[in-house]
Each structure stands twice: as structure tokens, then as C-alpha cells.
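Trainee: I would like to learn how to read helix packing and pockets. Please take me through an example.

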Amino acid sequence: MKIIAVTSCPVGMAHTYMAAAALKKAAKKLGYDIKVETQGSMGIRDRITEAEVATADLFIDAGDVAIIDAERFDNVYRYETSTTKVIKKAEQVIKDAFELKSKE
Amino acid sequence: MEFKEITNADLINLNLNAKTKKEAINVIAKMLYENNRISDLSGFIENVYKREKLESTNMGGGIAIPHSISDFVNKASIAIGRFNDPVDWEDGEDPISYIFLFAVSPLEKGITHLELISQMAVILIDEDFINFLHKTNDKEMLFNKISELLGGKI
């Protein structure tokens with residue numbers, strides 16, 4: 001299973017990067033591939049490619065503010081959350097997202 | 001760019017007291033002001049609260065990370081404080097024992113200062129670091145530990 005995720009927060013200094021690190025750590029632990037794009041004060045980093053979107057099973061939208069070019073992910077199942085939730089409980093966020101998706 | 005430009009022993013205090021969130025943020029921001037890292041104490045604190053009002057920066061686990069990209073910042077900085085008694089933050093949240101206050105000037109956006117600060121934030125979700133943080137009483141050792149963890153990343 002492949003996950004793509006975008007993190008962003010109001011200042012773009014701390015939460016964006018902490019949430020990205022938390023997601024990567026949790027995905028690794030749960031055995032999922034993940035690519036996390038950060039949209040912070042340092043600009044867009046690790047931008048998700050079209051190829052990655054095409055093979056993704058789940059999109060985690062951890063944007064506390066509207067994410068840039070969100071329409072790129074329109075064809076992937078979207079789970080909306082916040083950076084704070086991800087920082088506190090990244091594994092639970094991923095599990096909840098897949099559970100909701102399975103009920104679709 | 002080295003970590004010692006962002007913080008140093010003068011900006012770390014592991015023996016602080018505060019009764020309220022306001023007092024706690026104030027005492028930490030004061031370290032920045034007294035070391036000439038910010039130009040206006042109340043103006044900077046106002047900017048920190050602007051971010052804080054959007055959503056509390058209490059991360060759980062007794063750590064809060066108030067921060068601002070503010071015109072009142074002279075030089076990108078991190079001030080670190082430990083409180084002897086946990087301080088209430090917002091209703092329904094765990095009280096805070098540690099504050100990591102991040103300050104960046106708008107002129108420094110997108111450069112290495114910000115990179116260091118964001119990496120410092122990432123260290124705060126590292127369990128080994130948190131265990132170390134709870135155990136250490138020596139600010140030089142804390143500085144060295146963070147510096148070591150950041151080493152090679154920048």
C-alpha cells in the first residue's frame with residue numbers, strides 16, 4: 001500500500017516538518033510506503049510526482065491551511081487531518097484513514 | 001551555519017518558574033530580549049500569540065513550541081526552558097514542563113536558519129531525545145546533544 005501526504009501549517013516553521021517526520025516514522029512502522037510533501041516557509045519540498053499520485057492508495061491531507069495544487073490529488077482517496085493530530089498520533093491517523101477508505 | 005548561532009547556554013534555562021502560560025512565554029521570550037535576539041519584547045510576544053490563537057502549540061508530553069516569524073526578530077533563535085512545576089497551557093490540555101520558543105525574522109525565510117529550526121522541531125518527536133531531555137539537568141549537555149543530533153543534517 002502506498003500513501004502520499006502533504007503537510008502544511010500557518011507559520012510553516014515547525015508543525016509542517018514535525019508532522020512529515022511523524023508520518024514517515026509511523027508508515028515505516030506499519031509497513032507502508034509513503035511520500036510526504038512539505039509546504040512550509042522553505043517552499044514546497046519533496047513534491048509528489050504524477051507517477052506517485054497514479055500509484056497511491058491513500059492521500060493524507062494534513063494541511064492546516066489550504067494546500068497548494070490540491071487538485072493534483074483529486075483521484076486518490078483523501079483523508080483530512082491536521083498537523084497536530086499527526087504529530088500526536090500518526091499511527092492512529094494512518095489506521096483510521098485506511099479503515100475509512102475500506103468502508104467506501 | 002551552525003547550531004550555536006541559533007542558541008547557546010544563555011538561551012537555555014532548566015530552572016524556571018511560572019504560574020500561567022502568559023508568565024511562561026514571557027520568561028522565555030525575555031531570554032531572547034536580554035540577549036539582543038529580539039528588538040521588542042511585547043511586540044514579539046504579541047506575534048507569538050497570533051500563532052498561538054490559531055491553534056495551541058502544546059504538543060502533548062509536556063512540551064510546547066510557541067513560535068513566530070516576526071519583524072521584531074534580530075537573529076534566528078531558539079530559547080529553551082524547563083519549568084520546575086508544570087504550567088497550565090490551555091483548557092483540556094496537558095500542562096507544560098518544557099518550552100522551545102522559535103524566533104525567525106522574515107528576512108531569514110527560506111534560508112538555513114529556518115532549516116535548523118525546523119530540524120530542531122523534528123528532534124522533538126524523537127523518543128530518545130525526549131528521554132534525554134527528561135533526564136538532563138545540565139544545559140551545556142542539552143545544547144551538545146541537540147547539536148550532535150543536528151550534526152550532518154545541515
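**Helix packing and pockets**

Mentor: In chain B, residues B:K21, B:K22, B:I25, B:N26, B:A29, B:K30, B:L32 and B:Y33 of α1(B) meet B:L41, B:F44, B:I45, B:V48, B:Y49 and B:E52 of α2(B). Contact means heavy atoms within 4.5 Å. Helices (H or I, at least four residues) and strands (E, at least two) are DSSP runs, numbered from the N terminus. By class, this contact of α1(B) with α2(B) has nine nonpolar, one polar and four charged residues. Ala, Val, Leu, Ile, Met, Phe, Trp, Tyr, Cys and Pro count as nonpolar, Asp, Glu, Lys and Arg as charged, and the others, Gly among them, as polar.

Mentor: Some ground rules. This is a predicted model: local features need pLDDT of at least 70, side-chain atom pairs count only at pLDDT 80 or more, and totals for chains, interfaces and linings use all residues. Residues are numbered from 1 along each chain as its sequence is written, chains are lettered from A and ligands numbered from 1 in the order written, and side-chain values use heavy atoms, leaving out hydrogens and water.

Trainee: At what angle do the axes of α1 and α2 of chain B cross?

Mentor: Two packed helices are described by the angle between their axes and the distance between the axes. Axes are lines fitted to C-alpha atoms, for helices over the stretch in contact, and angles run from 0 to 180 degrees between N-to-C directions. Here α1 (residues 21-34) and α2 (residues 41-54) of chain B cross at roughly 130°, and their axes come within 10 Å. α1(B) and α2(B) are therefore oblique to each other. Angles under 35 degrees count as roughly parallel, over 145 as roughly antiparallel, 65 to 115 as roughly perpendicular and the rest as oblique.

Trainee: How do α1(A) and α3(A) pack?

Mentor: At an angle of about 20°, with the axes of α1(A) and α3(A) 8 Å apart. That makes α1(A) roughly parallel to α3(A).

Trainee: What is the volume of the largest pocket?

Mentor: A pocket is an open set of points on a 1 Å grid over the protein atoms alone, where a 1.4 Å probe fits, with protein on both sides within 12 Å along at least five of seven lines; lining residues have an atom within 4 Å of a point. Grid points are joined across faces, edges and corners, and a volume is the space filled by probe spheres set on the points. The largest pocket has about 430 Å³. Its lining has 18 residues, with A:K25, A:I87, A:K88, B:I125 and B:E127 nearest the centre. α3(A) gives the most to this lining of the largest pocket, five residues.
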